[in-house]
Amino acid sequence: MTAALATTPATPFAAQLEAEIAALKQAGTFKTLRYIQTPMDAEVDMEGSGHALVLSANNYLGLANHPEVIEAGREALTKYGAGTASVRFICGTFTPHRALEEALAKLHFTQSALSYVSCWSANTGLMPSIAGSEDALISDALNHASLIDGCRMSKAKRAVYKHADMTDLEAKLKEAQGARRIFIITDGVFSMEGSIAPLPDIITLAKKYGAAIIMDDCHGVGVLGKHGRGTAEYFGVEGQVDIITGTLGKALGGAAGGYIAGPKALIDYLNQVSRPQLFSNALPATIAASALKAVEIMNREPERVARLHAGVKRMREGLKKLGFKPLEGDSAIVPIIVGETSFAIAMSKELLNEGVFITGFGFPVVPEGTARLRIQMNAALTDAQIDRALVAFEKVGKKLGVI
Ligand SMILES: Cc1ncc(COP(=O)(O)O)c(C=O)c1O
C-alpha cells in the first residue's frame with residue numbers, strides 16, 4: 001500500500017500475486033478499500049466520493065457514534081490507559097472486563113461470559129477447546145467463516161447439515177450418537193442471507209439427541225426481539241441455548257471485540273485452555289467500557305430497537321414497490337441477489353455515485369452466481385434518509401435493468 005513498497009522491484013512471488021490480482025481486475029471482481037473521513041453513522045464523508053448514506057455497516061443500533069458510548073471509552077482511556085499490554089491471565093484483566101462480562105451474561109440469561117478481541121477469536125478459540133477426537137460437531141452449511149474455521153481447528157468429527165434443514169440435522173445427530181459430546185453449531189442470523197435459524201426446532205432436536213447448542217448471534221443481538229436480546233428472545237426461548245457467541249463490533253458500539261456466554265464452568269475452562277485467551281492480548285479497557293455503555297443503552301431504550309424494525313419494514317416495502325425482490329426475513333439484513341460478482345460491484349459503484357454506500361458481495365464470500373447487494377439497516381437512519389436511498393435504488397435499478 002505504501003509508496004516505498006510500490007517502487008520495490010517485484011520478487012517472483014510478488015509477480016505471481018500481481019498476475020492473480022490483474023486477473024481479478026480484468027474480471028471486475030477486485031475489491032477496493034474506501035476510506036471514511038468522519039465517524040461511522042447514518043451518513044459519512046468518503047474520501048473521493050463525498051457524502052454518502054451508509055447501508056453497509058453493522059452499526060445496527062446506531063451506537064458507533066453515540067455521545068455516551070464515546071464518553072465511556074474516553075473516560076476508560078484516561079483511567080486505564082491505551083492498552084492492556086498483556087493477555088488476560090498474566091496481567092491483562094481490568095475491572096471493566098468484569099463489568100462488561102457480567103452485563104453480557106445477563107443479556108443472554110447465562111451464568112457467565114468471557115470477552116475476546118473479536119468474535120472471530122471467540123469462535124476459533126471455542127471449538128478446539130471443548131471438542132476433541134471423541135466428540136462431534138454438526139454445523140449448518142451457511143455458518144459464518146469463523147465457525148467453519150473453529151470447527152476445522154478442532155479434532156472432533158465434523159458433519160455439515162443442509163442450511164436450516166431439520167431432517168438433515170436429525171440424520172446427522174443420529175450418526176453422531178456414541179460421541180462423548182455432540183454440538184449443534186448455528187448462526188442465529190445468517191449474515192449473507194439475513195435468514196434466522198429455526199432455533200425452537202434445533203432446541204427440540206438437541207434435547208432429543210443429547211446435544212448442546214452453540215449459536216453465533218452476531219447479527220441477532222441488538223436486532224431481534226423486542227429488547228434486542230437476539231434470536232433467543234425473538235423465539236421466546238431465552239436461557240435454552242447452551243453457548244452464545246457474539247460481537248461488540250456490530251450493534252454493541254461497533255468498535256471491536258467478541259464474547260462467549262455460557263455456563264460458569266465453560267468460562268472457567270476457556271480461561272484455562274482457549275488459545276486466543278492464553279496467547280493474545282486482552283480487549284482494551286476502553287472498548288470494554290464503550291461496549292458496556294452500549295449494552296446499557298440498548299437495555300434502557302427498547303425504542304431504538306423498535307426504530308430499527310420500523311426502518312427495516314420501510315426499506316423492504318419500498319424496495320418491493322420498486323420491483324426489487326429482496327430475500328425475505330425479519331433481520332436487519334436485506335439482500336438483493338443480482339447474479340454475477342462484477343455486476344454487484346458495478347451496481348454498488350453506481351449507487352455510490354448517487355450518494356448511497358452499499359457493498360456488493362460475490363464469490364468467494366457467497367456462492368458463484370449469487371452475488372448480492374447486502375443492505376444492512378440501522379436505527380440511526382431516518383425515514384427521509386431511507387426514502388432518499390430508495391430514490392437512488394430506483395434510478396440505478398432502472399439504469400442497469402434490474403427493475
Ligand atoms: C456471524 C458472524 N460471526 C462472527 C463474526 C466475526 O466478528 P468479529 O468482527 O467480532 O470478529 C462476524 C463478522 O462479520 C459475523 O458476521
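User: How many Å separate the centres of domain 1 and domain 2?

Analyst: The centres, taken over C-alpha atoms, are 27 Å apart. Domain 1 covers 31-60 + 302-399, and domain 2 covers 67-300; these bounds come from an automatic or database domain assignment. This is a predicted model, where local features need pLDDT of at least 70 and side-chain atom pairs count only at pLDDT 80 or more, while totals for chains, interfaces and linings use all residues. Residues are numbered from 1 along each chain as its sequence is written.

User: How many residues of each domain are in contact?

Analyst: 20 residues of domain 1 are in contact with 19 residues of domain 2. Contact means that the C-beta atoms of two residues, placed from the backbone, lie within 7 Å.

User: Which element gives the largest share on the domain 1 side?

Analyst: That is α14, with 4 residues. Helices (H or I, at least four residues) and strands (E, at least two) are DSSP runs, numbered from the N terminus. By class, this side of domain 1 has 13 nonpolar, 4 polar and 3 charged residues. Ala, Val, Leu, Ile, Met, Phe, Trp, Tyr, Cys and Pro count as nonpolar, Asp, Glu, Lys and Arg as charged, and the others, Gly among them, as polar.

User: Now the core. Which residues have the most contacts inside the largest nonpolar core?

Analyst: I138 and V356, in a core of 123 residues. A nonpolar core is a set of buried Ala, Val, Leu, Ile, Met, Phe, Trp, Tyr and Cys residues joined through C-beta atoms within 7 Å. Buried means 20 or more other C-beta atoms within 10 Å of a residue's own, with C-beta atoms placed from the backbone. Helix α13 (residues 285-300) gives the most to this core, 9 residues.

User: Where does this core lie?

Analyst: Both domain 1 and domain 2 give residues to the core, so it lies between them.

User: And what does V356 touch?

Analyst: Not counting residues up to four places away in sequence, V356 touches A52, L53, L55, L351, A389 and A392.

Definitions and conventions: Buried ≥ 20, exposed ≤ 12 C-beta atoms within 10 Å, placed from the backbone.
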